[in-house]
Amino acid sequence: MVNKTLVAAAAITLSSLALTSCGDSDASSGTDNGGSGDGAITMGFAQVGAESGWRTANTKSIQDTAKAEGVDLKFTDAQGKQENQIQAIRSYIQQKVDVIAFSPVVETGFDAVLQEAKAANIPVILTDRAVDADPSLYKTFLGSDFVVEGEKAGQWLVDNAADADANGDGTINVVQLEGTTGAAPAIDRAEGFADKIAADDSIEVTASQTGDFTRDGGKQVMESFLQSDDSIDVVFAHNDDMGLGAIEAIEAAGLEPGKDVKIITIDAVKDGMTALSEGKINYIVECNPLLGPQLMDLAQKVLDGEEVPARVLTEESAFTPEQAAEVLADRQY
Ligand code: GYE
């Protein structure tokens with residue numbers, strides 16, 4: 001481990017020397033960055049995986065935009081594993097890409113590799129998910145405010161509490177299908193939701209477990225929740241895919257999703273919006289996966305030496321079944 005780091009560090013030192021001695025006009029950045037119109041940007045992108053409809057749309061947006069804008073994109077799918085992601089980032093450093101972007105699988109444990117990128121003078125743009133690390137180790141973080149998303153979900157439940165109490169016993173039992181343990185959207189969505197439902201004493205989260213952001217994960221966890229509890233009023237799923245898996249489990253148990261058990265999810269991908277328009281999901285908070293254009297724009301600015309904000313938010317809203325039916329036809333993902 002230590003040896004590898006040392007070797008990488010040595011290679012990086014050599015490469016920066018080589019670049020400087022080649023008469024790089026932008027000596028302060030230490031990179032031949034394609035930012036002044038002298039060739040395409042090379043971007044290394046380390047993606048989480050292909051766990052959800054959201055992720056597939058996100059990957060397509062990044063790849064399509066790179067192609068349209070002539071960015072030379074090196075893309076890796078980490079298959080949900082942090083170690084794969086770290087390995088991909090190290091290889092981008094070795095390949096001396098102009099800029100590295102990645103969507104961190106989890107929040108912690110990236111400090112060392114971020115230090116290595118910084119030492120190599122390669123700017124890093126966090127895309128979609130945040131890390132819990134020194135902010136000087138990356139240029140900017142582009143993505144949604146996951147706490148706000150959780151708050152929107154919780155607020156909807158507070159506002160619709162009377163309807164959610166299917167058996168009318170005065171308590172609203174909520175089960176939560178969490179995203180990947182340790183991932184920013186799982187941590188923040190749970191926090192935002194908890195904050196809002198605290199306003200109503202009758203709402204209680206009775207069980208909470210990870211379904212790893214996948215349809216299958218959501219289905220399995222929901223099956224086990226239904227086996228041990230017959231008083232579930234509401235499912236709060238951290239993404240559409242887990243909510244869609246929960247629908248399968250609820251139907252298999254002879255219950256009607258959206259009626260016997262209310263369902264709130266986050267993302268608003270096409271399959272989720274279809275289930276919402278059919279009344280099987282009751283409310284979806286939007287999380288926009290189409291980050292490609294903003295990402296390429298930020299990369300260009302960073303490489304041109306322009307100041308970029310430390311935090312760039314994506315714009316999004318939330319949908320009821322009626323609103324879902326209206327926007328579905330034009331939905332790209
Ligand atoms: O909500 C989920 C995906 O990080 C915002 O990851 C993203 C989340 C998204 O797997 O569907």
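Residues are numbered from 1 along each chain as its sequence is written. You're looking at a predicted model, where local features need pLDDT of at least 70 and side-chain atom pairs count only at pLDDT 80 or more, while totals for chains, interfaces and linings use all residues; side-chain values use heavy atoms, with hydrogens and water left out.

**The whole chain**

Start zoomed out. The protein chain has 12 helices and 12 strands. Of its 333 residues, 51% count as buried. Here buried means under 20% relative accessible area, exposed means over 50%, and partly exposed is in between (1.4 Å probe, protein chains only). Contact is the other word you'll need: heavy atoms within 4.5 Å. Among contacts between residues at least 6 apart in sequence, 73% join residues at least 24 apart.

**Stop 1: the loop between E3 and H4**

Select Phe-110. You'll find Phe-110 in the loop that runs between strand E3 (99-102) and helix H4 (111-119). Is Phe-110 buried or exposed? Phe-110 counts as buried because its relative accessibility is 1%. Leaving out residues up to four places away in sequence, Phe-110 touches Gln-82, Gln-85, Ile-86, Phe-102, Pro-104, Val-105 and Val-131.

Now click on Ser-103, in the loop between E3 and H4. Ser-103 has a relative accessible area of 0%, so it is buried. With residues up to four places away in sequence not counted, the residues that Ser-103 touches include Phe-45, Arg-55, Gln-85, Thr-127 and Arg-129.

**Stop 2: the ligand**

Select the ligand and show the side chains around it. How many residues surround the ligand? There are 13, and the closest are Glu-51, Arg-129, Arg-189, Asn-239 and Asp-267; a residue is near a molecule or strand if one of its heavy atoms lies within 4 Å of it.

Next, look at the ligand's oxygen atoms. A side-chain N or O atom of Asp-267 is 2.6 Å from a ligand oxygen. For Arg-189, a polar side-chain atom lies 2.9 Å from an oxygen atom of the ligand. Ser-52 has a side-chain N or O atom 3.0 Å from a ligand oxygen.

Stay with Asp-267 for a moment. Asp-267 belongs to strand E9 (residues 262-267), and it counts as buried because its relative accessibility is 3%. Its phi is near 135°, a positive value in a residue other than glycine.

**Stop 3: Asp-212**

Here's another positive phi: that of Asp-212 is near 55°, again in a residue other than glycine. Asp-212 sits in the loop between strand E7 (203-210) and helix H8 (215-228). With a relative accessible area of 41%, Asp-212 is partly exposed.

**Stop 4**

Colour helix H5 (residues 146-159) and helix H7 (residues 184-197). At what angle do H5 and H7 pack? The angle is about 35°, and the axes are 6 Å apart. Axes are lines fitted to C-alpha atoms, for helices over the stretch in contact, and angles run from 0 to 180 degrees between N-to-C directions. Show the side chains, and you can pick out residues where the helices meet, including Phe-146, Ala-153 and Leu-157 in H5 and Asp-188, Arg-189 and Phe-193 in H7.

**Stop 5: two valines**

Select Val-175 in strand E6 (residues 172-178). Val-175 is buried, at 1% relative accessibility. Its C-alpha atom is separated by 5.0 Å from that of Val-235, 60 residues apart along the chain. Besides neighbours within four places in sequence, Val-175 contacts residues including Thr-206, Met-222, Phe-225 and Val-235.

Last, jump to Val-312 in strand E11 (residues 311-313). Val-312 has a relative accessible area of 14% and is buried. Val-312 and Ser-144 are 168 residues apart in sequence, and 8.3 Å apart in space, C-alpha to C-alpha. Setting aside neighbours within four places in sequence, Val-312 is in contact with Thr-140, Phe-141, Leu-142, Gly-143, Gln-294 and Leu-298.

Definitions and conventions
Helices (H or I, at least four residues) and strands (E, at least two) are DSSP runs, numbered from the N terminus. A polar contact is a pair of N or O atoms within 3.5 Å; within protein, one must be able to donate a hydrogen and the other to accept it, and residues adjacent in sequence count only if both atoms are side-chain atoms.
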